[in-house]
Each structure stands twice: as structure tokens, then as C-alpha cells.
Amino acid sequence: MILREYIEEKIKNTTKHFKFGSVNVHQVDDSMDFTPVFKEIEKHFPSHYFKDLGGVEIAHRKEFDDRDISAFYKDDWLYITDKQDDLADLMDDLVHEMAHHIEVVYGDIIYSDGEIEKEFLLKRKRLESELKAEGYWTQEYDFKDLTYNRSLDNFLYKRVGPNMLKLTTASDFVRPYASISLREYFATGFEAYYLGKKDLLFKLCPVLYNKIDELHNL
Ligand SMILES: [Zn+2]
């Protein structure tokens with residue numbers, strides 16, 4: 001058997017397939033049993049969350065190392081690394097990337113009234129004021145930009161740094177990463193809602209909380 005055939009044969013043999021809601025999960029290396037995570041999350045998601053979802057791939061891809069990430073959502077598919085510290089990490093990744101899918105499918109419902117945007121921008125404004133009060137020079141960064149902005153990301157994570165960012169976002173965001181863009185504000189809120197921080201989300205981000213509640217009960 002030539003090497004290529006051997007590898008293809010091996011992939012075929014070790015790929016595990018199972019269902020997550022109405023879609024298929026392909027786990028290329030079956031050495032760890034990830035099914036409990038999918039079964040658990042499935043119980044909490046209404047069936048309309050799976051609308052237009054292509055599937056889930058669990059495998060380690062080069063992009064994960066290149067971009068220092070563990071999961072991403074692309075063209076209706078969820079891609080998650082199998083290099084997980086524990087099942088809780090996988091659960092975070094799965095719920096987070098599902099949020100990005102739901103944002104695509106139900107974008108109108110989520111954003112068309114502009115309320116989440118308003119809530120987010122008010123928090124961004126307070127973040128900028130707090131950072132200024134701490135002595136940071138914020139003028140050259142656009143705190144009103146809703147999309148991912150690399151220079152703002154570098155400023156927050158490298159100049160301000162994780163510890164100060166944590167302090168200055170604690171009273172407004174469920175976690176520091178929620179401040180990075182409107183999309184991540186939604187995705188981190190969605191995580192909080194489904195992963196045991198509902199009360200915190202309700203307290204800090206009532207508009208976002210109500211929107212996710214609405215989505216859940218569509
Ligand atoms: Zn994200």
C-alpha cells in the first residue's frame with residue numbers, strides 16, 4: 001500500500017461520526033471521547049439553532065496555530081481543534097462558534113433594532129473613559145468601531161494588557177474578550193447564557209440577555 005493510501009485508509013478508520021442536533025460531527029482522531037459535550041449542549045439548544053448549519057469538524061488545523069485560536073466558524077461549518085485541555089474547553093469552543101453561526105442565520109433579529117449596538121457602544125465609551133483615567137492615551141484608537149479592529153485589539157491586549165483590561169471591563173463585560181467587537185460581544189454573551197453565567201449576563205448586559213432569550217424562544 002502506498003503511503004497516501006495508507007494515510008487515507010487510516011483517516012477513514014479513525015474518523016468518528018456522530019450527530020449534533022440535526023448535523024454530523026466528524027472527529028478525525030477518535031482517541032478522545034467528545035460526545036458527552038455535544039450531547040449535553042444539544043439538550044440546551046432549541047432545534048432552530050441548527051438551521052443552515054453544515055456540520056462540525058474536530059481536527060487540528062494549521063490555522064489554529066497560525067492564528068493562536070482553538071476554533072472558528074466558516075461557511076456554515078464549525079471547526080474545532082481536538083487539542084483540548086479538557087471537555088470544558090471544548091464546550092466553550094462549541095458554544096462560542098455556535099453563537100457565530102446563529103449570528104449569521106438570525107442577524108436581522110439580533111441587530112436590526114440597533115439596541116445591542118447601543119448597549120455595546122455605551123460600554124466601549126465607559127471603557128475608554130476608564131482607560132483615560134488610568135493614564136492611557138486612547139485618542140488614536142476608534143472605540144466606536146463595531147467590527148474587529150487590529151490596532152484596537154493590540155492596544156487593549158498588548159499595551160493595556162490582560163490584567164488591566166480585566167479590571168477595566170469587569171463591571172460592563174462578561175469577560176474582557178467581549179469588548180473586542182460587536183460580534184464577540186454577542187458570542188461571549190451567548191456563552192454566558194448557556195454556560196452557567198445567565199445571572200451575570202442579565203446584570204451586566206440586559207439588552208443582550210433579552211435578545212438571546214428571544215432567540216432561544218423563537
Ligand atoms: Zn468569536
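Mentor: Let's begin with helix α6 (residues 115–133) and helix α7 (residues 150–169), which pack at an angle of about 120 degrees with their axes 10 Å apart. This is a predicted model, where local features need pLDDT of at least 70, side-chain atom pairs count only at pLDDT 80 or more, and totals for chains, interfaces and linings use all residues. Residues are numbered from 1 along each chain as its sequence is written.

Trainee: Why is α6 called oblique to α7?

Mentor: Angles under 35 degrees count as roughly parallel, over 145 as roughly antiparallel, 65 to 115 as roughly perpendicular and the rest as oblique. The angle here is about 120 degrees, so α6 is oblique to α7.

Trainee: Which residues make the contact?

Mentor: Leu127, Glu130 and Leu131 of α6 meet Val160, Thr168 and Thr169 of α7; contact means that C-beta atoms, placed from the backbone, lie within 7 Å. These residues divide into three nonpolar, two polar and one charged. For those words, Ala, Val, Leu, Ile, Met, Phe, Trp, Tyr, Cys and Pro count as nonpolar, Asp, Glu, Lys and Arg as charged, and the others, Gly among them, as polar.

Trainee: What makes the length of α4 close to what is expected?

Mentor: The expected span is 1.5 Å times one less than the number of residues. Helix α4 (residues 87–105) has 19 residues and reaches 27 Å from its first C-alpha to its last, close to the 27 Å expected. Its buried residues include Leu90, Met91 and Ile102, and what covers the buried residues of α4 includes α2 (35–44) and α8 (182–194).

Trainee: How do you know whether Asp52 is buried or exposed?

Mentor: Count the other C-beta atoms within 10 Å: 20 or more means buried, 12 or fewer exposed, and in between partly exposed. Asp52 has 10 such neighbours, so Asp52 counts as exposed. Asp52 is placed in the loop between α2 and β3 (55–58).

Trainee: What makes the phi of Asp52 worth a look?

Mentor: Most residues other than glycine have a negative phi. Asp52 has a positive phi of about 65 degrees although it is not a glycine. Asp76, in the loop between β4 and β5, has a positive phi of about 70 degrees.

Trainee: Why is Asp76 called partly exposed?

Mentor: Asp76 has 13 other C-beta atoms within 10 Å, so Asp76 falls in the partly exposed class.

Key:
Axes fitted to C-alpha atoms, helices over the stretch in contact; angles between N-to-C directions. Helix = DSSP H or I, 4+ residues; strand = E, 2+ residues; numbered from the N terminus. Contact = placed C-beta atoms within 7 Å.
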